[in-house]
Amino acid sequence: MASPPYRRLYRSPHGRMLGGVAHGLALHLGLPVTWVRVAFVLLFFAQGIGVLLYAAFWFVVPIGIGEPAPGAGPRWAYVNGGFVPADAVVGGAELRKGRPRRIGRLRELLQRTFHGETAVAGEAVTDSRPAKGGLGQLLALLLLVVGIMALLSALHIQTAKPYMWPLLTVGVGVALVWRQADDSRWQRWFGLEEGTKRRAAYTRVGAGVLLVVAGTVGFLILQGGDSTVSSVIEAALAVLAGVLVLVGPYALRMWQDLGTERTARIRAQERAEIAAHVHDSVLHTLTLIQRNADDAKEVLRLARAQERELRLWLYRPEAAAEAAPDTLAERIRSVVAEVEDLHGVAVELVCVGDCPMDDRIAAQIQAAREATVNAAKYGGGGPVQVYAEVEGRTVSVFVRDHGPGFDPDSVPEDRMGVRESIIGRMKRNGGTARVRPAPDGGTEVELEMERAHD
Amino acid sequence: MTDAVSGAAGTGAGPERVARVVLVDDHRMFRTGVRAEIGRTELTGIDVVGEADDVESAVQVVAETRPDVVLLDVHLPGGGGVEVLRRSAPLMSDPNGVRFLALSVSDAAEDVIGVIRGGARGYVTKTITGTDLVNAIFRISDGDAVFSPRLAGFVLDAFAATDTPPVDEDLDRLTQREREVLRLIARGYAYKEIAKQLFISVKTVESHVSAVLRKLQLSNRHELTRWATARRLV
């Protein structure tokens, strides 16, 4: 983990006890995490400010992604201008190692109720490293509860007693919703999203919103009695509408900008596809024409064939596209036949399995065609071997020749054949392409693509 | 022009060892060509001891001369290569008996699967080069199997079509390694290249291929029948 260009404050998702605030702060400030935690605890005695601060950090600071995942290697902490193993910094590791089973269970129960799914998800992620949580986390939870109590007692002294409960309700509701937002972000990064969890998430967000509304209404009722509630709500709605009028245009503009940007990206991709197609067809034909410049008849034939093909591709009606063969094997067979005809080199095709066509496989076949054309042109005249296989959702195509072979890295930047038509095209469509020398001379191109979901 | 059959076995093609071969093909031109290509015994170590141009004469010549290897065309007057195999079955049973290598211009699934089920130890197409054919003949005579890329593809296809086997049919399944070897053959790798790629010896590659062939014949009752029926080949 190299030192980043500039450090931003993130909450740490790993090795955290509650929200990862202390851990994140420690990483940011280059302090041992224990110091930060002790500071929070001390601040809590100052009328619960520690808890307030912690909560504020939790809400405001985003959860970090810069950290390596646990189990991916040693974790490092930024201490005194250098990186040291995090375990050396985090205190109390020996305490957690020997955590009694019952406390572990209790902690789990507490986490389930307090954190919701996170505890479980966290377990899945950090399974390989049991140092997370344990007694320390239980302590942290207890501390938080005590802190909230202290805070409440402070509020109790300073303000009228009746406001405590609505405030508490609103606080819990907000915490629930924020907690959920936190989790969903976290889960998205670590790929733990599951259908069953979504319902629980909705329930929790709903409960949070309900709590906030109930708290607010309770607050209003306490404030002025039943009679004023309706007028206050009206006023609130009016303010909301005002805010909407103010902010609405900005939000709309932002939304539109987002859409524009997306179309621009799609257009760029489409342009790259067209460039690749032109390279495959037109440029190749031009090469052939140059080679056969003396043979007027052959030049005419090539030019006419290319014109026809290009017209068909540019202006084809949608129906024509559907009339084409619609399985992988059929399509690849016709492509291979076409290359054989055009270049006069034998192509041996072996096709194992078959599947219906989709956009990604169409792109893969185009890449395979380009690879086959290359093999036919530069493969030393021997037969080209094409092997296509459908295995589950994965479609792989191998194109192999017995030519002199070449080093893909040594190809000049301006030659677009392999780079754009094969590798780039596969990448754009979510697949992979590898070009490598075959064991006994020649070149092999491997194209791998996941089928789109049907 | 390789057909994935050029292998280390070619080193055995010295004059110190001679393989006795019978050519079975209904085209005289083709027989003459093959004989000219591989029949120079002092160079290739192959002695062409007989020729035949239909099923009847083939069965007779094979029974008389008892060659090491029969190069068998799939399409023959009088019932085809499969019929020759059926009627020569007694000669194949003993370990040092006659072995058949199918040599055909066709690489259609029904031809390939048909002669392999009939007991041929390999299948090559007529695009094969002389050197590769010599290698293939020696490998067959050593008891190994010779697969062309297409044949490997057919076998993979047949076994892939039945992905959830009952447990007791384990014997008929292809192991992961055998599938790997077949896949590399289908990708156009020679045995030597496969050995290099998988960090095993050429001998091991050959034994994997032989195992596949054995399973292919054992699988008559199960996958292949089902597979062939699905494609209306039987």
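**Salt bridges and the interface**

Visitor: Why is B:R177 called partly exposed?
Guide: This is a predicted model. B:R177 has a relative accessible area of 29%. The class runs between 20% and 50%, so B:R177 is partly exposed.

Visitor: What makes B:E180 and B:R177 a salt bridge?
Guide: Their side chains meet at 3.4 Å, N to O. The cut-off is 4 Å, from a Lys or Arg nitrogen to an Asp or Glu carboxyl oxygen. The pair therefore qualifies.

Visitor: Where do B:E180 and B:R177 lie?
Guide: Both are in helix α9 (residues 176–186) of chain B. They are 3 residues apart, about one turn of the helix. B:E180 has a relative accessible area of 26% and is partly exposed.

Visitor: Which residues are joined into one network by salt bridges that share partners?
Guide: The network consists of A:R434, A:R436, A:E444, A:E446, A:E448 and B:R187. Over all chains, the structure holds 20 salt bridges.

Visitor: How do you know that A:E330 and A:R333 form a salt bridge?
Guide: The N to O distance between their side chains is 3.6 Å. The limit is 4 Å, so the pair counts. Both residues lie in helix α13 (residues 328–343) of chain A, 3 residues apart. That spacing is about one turn of the helix.

Visitor: Why are A:E330 and A:R333 called partly exposed?
Guide: A:E330 is at 39% relative accessibility, and A:R333 has a relative accessible area of 44%. Exposed would need over 50%, and buried under 20%. Therefore A:E330 is partly exposed, and A:R333 is partly exposed.

Visitor: What makes B:E51 and B:R35 a salt bridge?
Guide: Their closest N and O atoms are 2.7 Å apart. That is within the 4 Å cut-off, so the pair qualifies.

Visitor: Why does this pair tie together separate parts of chain B?
Guide: B:E51 lies in strand β2 (residues 46–52), while B:R35 lies in helix α1 (residues 28–38). The pair therefore ties together parts that are 16 residues apart in sequence. B:E51 is partly exposed at 27%, and B:R35 is partly exposed at 36%.

Visitor: Why is A:V239 called exposed?
Guide: A:V239 has a relative accessible area of 56%. The threshold is over 50%, so A:V239 is exposed. A:V239 sits in helix α10 (residues 195–291) of chain A. With A:V243, A:L246, A:V247 and A:Y250, A:V239 makes a nonpolar surface patch of about 540 Å².

Visitor: How many residues of each chain are in contact with the other?
Guide: 18 residues of chain B are in contact with 18 residues of chain A. The two chains bury about 1,600 Å² between them, 47% of it on carbon and sulfur atoms.

Visitor: What makes B:R179 and A:E391 a salt bridge?
Guide: The closest N and O atoms are 3.6 Å apart. The cut-off is 4 Å, so the pair counts. Across the interface of chain B and chain A there are 5 salt bridges. The interface also has 8 residue pairs in polar contact, both residues at pLDDT 80 or more.

Visitor: Which elements of chain B each supply at least two residues of the side that touches chain A?
Guide: These are α8 (149–160), α9 and α10 (191–198) of chain B. α8(B) gives the most, with 5 residues.

Terms used. Residues numbered from 1 in each chain as written. Chains lettered and ligands numbered in written order. Predicted model: local features only at pLDDT ≥ 70, side-chain atom pairs only at ≥ 80, totals over all residues. Heavy atoms only, no water. Helix = DSSP H or I, 4+ residues; strand = E, 2+ residues; numbered from the N terminus. Buried < 20%, exposed > 50% of the residue type's maximum accessible area, 1.4 Å probe, protein only. Patch = residues over 30% accessible without salt bridge, like charges linked within 9 Å, V, L, I, M, F, W, Y side chains within 5 Å. Areas by Shrake-Rupley, 256 points an atom, 1.4 Å probe, with all protein chains shown as cover. Contact = heavy atoms within 4.5 Å. Buried area = accessible area lost by both parts, 1.4 Å probe. Polar contact = N/O pair within 3.5 Å; in protein donor to acceptor, adjacent residues only side chain to side chain.
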